[in-house]
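Please read the following briefing alongside the sequence and the coordinates.

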Amino acid sequence: MNVMNAPIAAPVLKEQGLDVILSDGQPHYFNYYWLRDNCPSSFSSATRERSFDIFHLVDAPTPKAAEIVGDALEIVWSGEDHVTLFPLSWLETYATAGPRNDPADLPREAWYGDHFPEVPRFSQPELMADPEVRRKWIEAMLVEGFVILTDMPDSNEALTETASLIGQVRPTFFGDYFDVKTYINPTNTAYTSAALELHTDTPAEEHAPGVQFLHCRANTVQGGESLYADGVAVANDFRQRDPEGFKLLSEVSVPFYCEHDDYDMRSRQTVIELDQHGEVSGLTISQHMLDIIDLDQELLDRYYPAFCRFGRMLQEEKYMMRFLMKAGECMVFDNHRIVHGRAAYSATSGDRYLRGCYTDRAEMRSTYRALVSEGRFKA
């Protein structure tokens, strides 16, 4: 932040706001409602929430007087016994419209099928003990979307404790946790020994969970190779290869479902997800949970070919990372970014048991911000 020099001109009061000269020597306009609403006294230092309710003002806020006092703008308000003092350095922060800096808004790094040796790895006991290791872990999740945790204890509690480092375990219609084993009467393709195509989980939920944990408790079967691909890498390349197809898949939503005896979950999602910058942030895709696409049949003349081109692209070897999970490892990945699946395996050749759960991306970003910054309220 620049050291503020006292402006040479007094604030200029206008009908709905005022001009004040800041460090660049130029006048900057601030609205009176905004100034009154964001008076430093409007916020509780205890709750860190706004305690002032601007709805209670009968008349529009209007200054009786405004002047520069030292390195601050002082406003005496009309119609109420209240004086606001704004540090000019604070006004400088908000002189240009736009969201405040977000330390969790990190650029994503796309990765490809040869990435396995470079996957970030962290020891679970070290994560539990060291906030700095947790920071590096979450940063890797934000940037790459996929990490492997090692040295996981063979217990249900270990998964809960690990997930809680990011946020609360987030239930889905499958429950708080799920166990990937071979079932006699399966309710999900994952609960069989068949191959599982690349997908994101629970696309039928209106807001699918953002972070998935898969704790490998046992894996001695023949086959069952894990398959992972970075949806950001594939979609970014698809944008260059097929701009019209990309536009369709990022703008047109299609239906997903998950139905059984006691639930009937439905949602509409775009296959390619974009963030606030227009950059690819992830995918929603699952062939076994895609509902009957209900778009206009003439639109389907263009949509289906683009959808299939993208689906085939996801399966290109260039993007596919393959490996065998080991007992004591936990895969943690962005469920909106990383597509995952597995090869078929022999259910009678050994034991294969994964226990999983979810947390949300928003809580992960929140935890990261708390680890790396002081926020607006310094202790």
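A salt bridge is here a side-chain nitrogen of Lys or Arg within 4 Å of a carboxyl oxygen of Asp or Glu, and a residue is buried when its relative accessible area is under 20%, exposed when over 50%, and partly exposed in between, with a 1.4 Å probe and protein chains only. This is a predicted model, in which local features need pLDDT of at least 70 and side-chain atom pairs count only at pLDDT 80 or more, while totals for chains, interfaces and linings use all residues. Residues are numbered from 1 along each chain as its sequence is written, and side-chain values use heavy atoms, with hydrogens and water left out.

**A buried arginine**

- R134 lies in helix α4, residues 131-144, where helices (H or I, at least four residues) and strands (E, at least two) are DSSP runs numbered from the N terminus.
- Although R134 is buried, it has no salt bridge, and the nearest side chain of opposite charge, that of D130, is 6.7 Å away; Lys and Arg count as positive and Asp and Glu as negative, with His and the chain ends not counted.
- Polar atoms of the R134 side chain lie 2.9 Å from the backbone oxygen of L127 and 3.4 Å from the backbone oxygen of M128.
- Not counting residues up to four places away in sequence, R134 touches L127, M128, A129, L165 and L371, contact meaning heavy atoms within 4.5 Å.

**Strand pairings**

- Strand β8 (residues 146-150) is mostly covered, with four of its five residues buried.
- Strand β7 (residues 121-123) runs parallel to β8 and is joined to it by three bridges, pairing being assigned if DSSP finds at least two bridges between two strands; F122 stands opposite L149 in β8.
- Strand β18 (residues 330-334) pairs with β8 in the antiparallel sense over four bridges, and F333 in β18 is the bridge partner of F146.
- Strand β3 (residues 27-31) has a covered face formed by H28 and F30 and an uncovered one formed by P27, Y29 and N31.
- Strand β2 (residues 17-21) pairs with β3 in the antiparallel sense over five bridges, and L18 stands opposite F30 in β3.

How values were computed
Polar contact = N/O pair within 3.5 Å; in protein donor to acceptor, adjacent residues only side chain to side chain.
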